[in-house]
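Welcome to a short tour. Keep your viewer open and follow along one selection at a time.

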Amino acid sequence: MDIRSMKNYLYWLYCQFELITCSYLMEPWEKLLFYTFNMALLVMVLYTAYTFVPGHISTAFQFFSHLFGNQHENTVSIVK
């Protein structure tokens, strides 16, 4: 892919985004507020996913491994 076709493709995607969100009907100041709000929301969602999802996945993995019978390495069964 050359640079020109990539530029045209990105412009086409931007036009599709404006058609889907109907932001082509907005005035410039409305677009600025709309895009700022959407970008802030996207950044917050990505930050939250980066911060909390690994912990939840680890907890779920421990839960399911315990559920299927795997024991932790530090537990010792006492047999007399």
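Helices (H or I, at least four residues) and strands (E, at least two) are DSSP runs, numbered from the N terminus. Colour the chain this way and you will find two helices and zero strands. Before going further, note that this is a predicted model, in which local features need pLDDT of at least 70, side-chain atom pairs count only at pLDDT 80 or more, and totals for chains, interfaces and linings use all residues. Residues are numbered from 1 along each chain as its sequence is written, and side-chain values use heavy atoms, leaving out hydrogens and water.

**Stop 1: helix α1.** Select residues 3-21, which make up α1. The 19 residues of α1 reach 27 Å from first C-alpha to last, close to the 27 Å expected at 1.5 Å a residue (the expected span is 1.5 Å times one less than the number of residues). Now zoom in on the start of α1, where a side-chain oxygen of Asp2 comes to within 3.3 Å of the backbone nitrogen of Arg4. After α1 comes Cys22, with a positive phi near 60°.

Stop 2: Across the chain's 80 residues, 5% count as buried.

Stop 3: Residues 32-53 are 100% helix and 0% strand, with end C-alpha atoms 31 Å apart.

How values were computed. Polar contact = N/O pair within 3.5 Å; in protein donor to acceptor, adjacent residues only side chain to side chain. Buried < 20%, exposed > 50% of the residue type's maximum accessible area, 1.4 Å probe, protein only.
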